[in-house]
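Have the picture open while you read.

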Amino acid sequence: MKLLVPVKRVLDYNVKVRVKADQSGVDLANVKMSMNPFDEIAVEEATRLKEKGIATEVVAVSIGPAQARDTLITALTIGADRGILIQTDQDVEPLAVAKLLKAVIEQEKPDIVIMGKQAIDGDNNATGQMLATLLDWPQATFASKVVIADGEAQVTREVDGGLQTIGVKLPAVITTDLRLNEPRYASLPNIMKAKKKPLDVKSIADYGVDITPRLKVVKVTEPAKRQAGIKVADAADLVANLKTAGVL
Amino acid sequence: MSVLVIADHDGAHLRDTTNKTVTAAQRLGGDIDVLVYGEGLAAVAAQAAKIAGVRKVLTAESAELKQELAEAVSALVTGLAAGYDVVAVPASSAGKNFAPRVAALLDVSLLSDVIEVVDANTFVRPIYAGNALETVQTAEAKKVMTVRTTAFKAAGDGGNAAIESTAAPAASSKVRYISEEKVVSDRPELGAAKIIVSGGRALGSAEEFQAVLDPLAARLGAAVGASRAAVDAGYAPNDYQVGQTGKVVAPDLYIAIGISGAIQHLAGMKDSKVIVAINKDPEAPIFSVADYGLVGDYKTVLPDLMTALG
């Protein structure tokens, strides 16, 4: 069974976001970038499925600038077998990413796509669902448990109010939630090995997909700052303040 | 301009996230119809028909729709979308599951987590865990958006819309419902609560989490929330998680107990009207967003707080 894992290079989740003074976007110059945390969980899950003998090959794909190669190497370090970088300096919206991934999938013919439920930069939570739709594959989003058996993935999903378990016939798209697993740390031998694994570099033109943005970003601004609060002395003081504020 | 609002309900009650999505739809101008899907919809459809400003309520019933299988819901909504300019979906876990499918089926981009409708083509949405706001303009002929309901007031009652049933799509053979496990709670729902008391890793255990937060929540009629750290440590169910990857809430009063205030947690609660932080670390980032901060050990503060509340 072959697995495909799309991964995205994003601003590291620990970095404080700075909005550019000209409101054209977020300042990404000279800041730490990392693999989107949900994608790390996806690569880990794919690697575990390989270790269980269920998957035979794990292919990681990233769409982004030349530096997205580092993100793919992270995936290869965790356990992916080879990488495909579709290089572009343009921002690619979720629908266009889904179309590019569909083109990759038509060539690679994986049985399962495992990907993060959302990227922590755009916070869209859309690409996996769009990809499943374009492929006419079933989807299992926000997965916290995945069991593969008899040509089906049984997936426990995190939903408002609790958990839901569904069965999706393969091929299928699964998107990961935080509690699916805890990604492993990279060991030095694995880092060395990852550098020797194959990594193909492609261009958007190789797939014949139109990635022209559909949405025009007018501006990016900082959210309104909260007014500085006060420290209260004790619980009685707190309750008095809350009563004055009218929330108790 | 016509807008189809997708209702959110629990089978017996319409959630007020539906009313809030109607408010967002009103900002677009034009006619508003509401779609209610599931099974046994009479009560919920009647509630939707009362929302002020609603022209028509459509109902669609099938087992797959009740199970909220994305394939079924997106097929239904996409079929109806032909008659509308905009499809507006509350950004619940169900809405986030099917709305991108509707957009892909219509070959349009998705406007996700909209917090402000500037005009019929211009929308504001949070990015980077709410640390930046993006204003986007779309030229798509048809629009699909999910609405961050905490950013809108609920539309009131006073309407008297007609209720009309519509056919449910055929079930997909590629997906089947197996089971579900709902968290049972007699507290108000996190998304709708006026007061939320939330606990973090400092509480140390599931027993302590309950022992500390339940009496306070009961006294205040509040919902209970948790930080990701508390959920990951097993102190609280996943469903309690407030943050970028959990629920986004905006109650009148949010009381954070033993929560340091990581960026991801703040993303889920920083639009609360009044924020209270109780933490023994005076340097904890939560104090930078708290209106009222109390530096101290929750073990001594909470009993005092219960006494002060009387």
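## Chain A in outline

Keep in mind that this model is predicted. Chain A contains 6 helices and 13 strands. If you follow its C-alpha trace along the principal axes, you cover about 65 × 45 × 40 Å.

Chain A has 248 residues, and 56% of them count as buried. Now take the contacts in chain A with a separation of 6 or more: 71% of these come from residues 24 or more positions apart.

## Helices 4 and 5 of chain B

Over in chain B, find helix 4 (residues 70–81) and helix 5 (residues 93–106), which pack at an angle of about 45 degrees. Their axes are 8 Å apart. With that angle, the two helices are therefore oblique to each other, and their crossing is right-handed.

Who does the touching? Helix 4 of chain B brings Ala70(B), Glu71(B), Val73(B), Ser74(B), Val77(B), Thr78(B) and Ala81(B). Helix 5 of chain B answers with Asn97(B), Phe98(B), Arg101(B), Val102(B), Leu105(B) and Leu106(B). Sort the residues of this contact by class and you get 8 nonpolar, 3 polar and 2 charged.

## Helices 6 and 9 of chain B

Another pair in chain B is helix 6 (residues 206–220) and helix 9 (residues 298–309), packed at an angle of about 20 degrees with axes 11 Å apart. That angle makes helix 6 of chain B roughly parallel to helix 9 of chain B. The crossing of this pair is left-handed.

On the helix 6 side, the contact includes Val212(B), Pro215(B) and Leu216(B). Among the partners from helix 9 of chain B are Leu302(B), Leu305(B) and Met306(B). The classes here come out as 9 nonpolar, no polar and 3 charged residues.

## Zooming in on Asp291(B)

Where does Asp291(B) sit? Look in the loop between strand 15 (274–279) and strand 16 (292–295) of chain B. Is Asp291(B) buried or exposed? Its relative accessibility is 18%, so Asp291(B) counts as buried.

Asp291(B) also reaches across to chain A: its side chain and that of Arg226(A) are joined by a polar contact of 2.8 Å. Leaving aside neighbours within four places in sequence, Asp291(B) is in contact with Arg226(A), Gly229(A) and Ile230(A) from chain A, along with Lys273(B), Val274(B) and Ile275(B) from chain B.

Definitions and conventions. Residues numbered from 1 in each chain as written. Chains lettered and ligands numbered in written order. Predicted model: local features only at pLDDT ≥ 70, side-chain atom pairs only at ≥ 80, totals over all residues. Heavy atoms only, no water. Axes fitted to C-alpha atoms, helices over the stretch in contact; angles between N-to-C directions. Helix = DSSP H or I, 4+ residues; strand = E, 2+ residues; numbered from the N terminus. Parallel < 35°, antiparallel > 145°, perpendicular 65-115°, else oblique. Left-handed = near helix turned anticlockwise from the far one by under 90°. Contact = heavy atoms within 4.5 Å. Nonpolar A, V, L, I, M, F, W, Y, C, P; charged D, E, K, R; others polar. Buried < 20%, exposed > 50% of the residue type's maximum accessible area, 1.4 Å probe, protein only. Polar contact = N/O pair within 3.5 Å; in protein donor to acceptor, adjacent residues only side chain to side chain.
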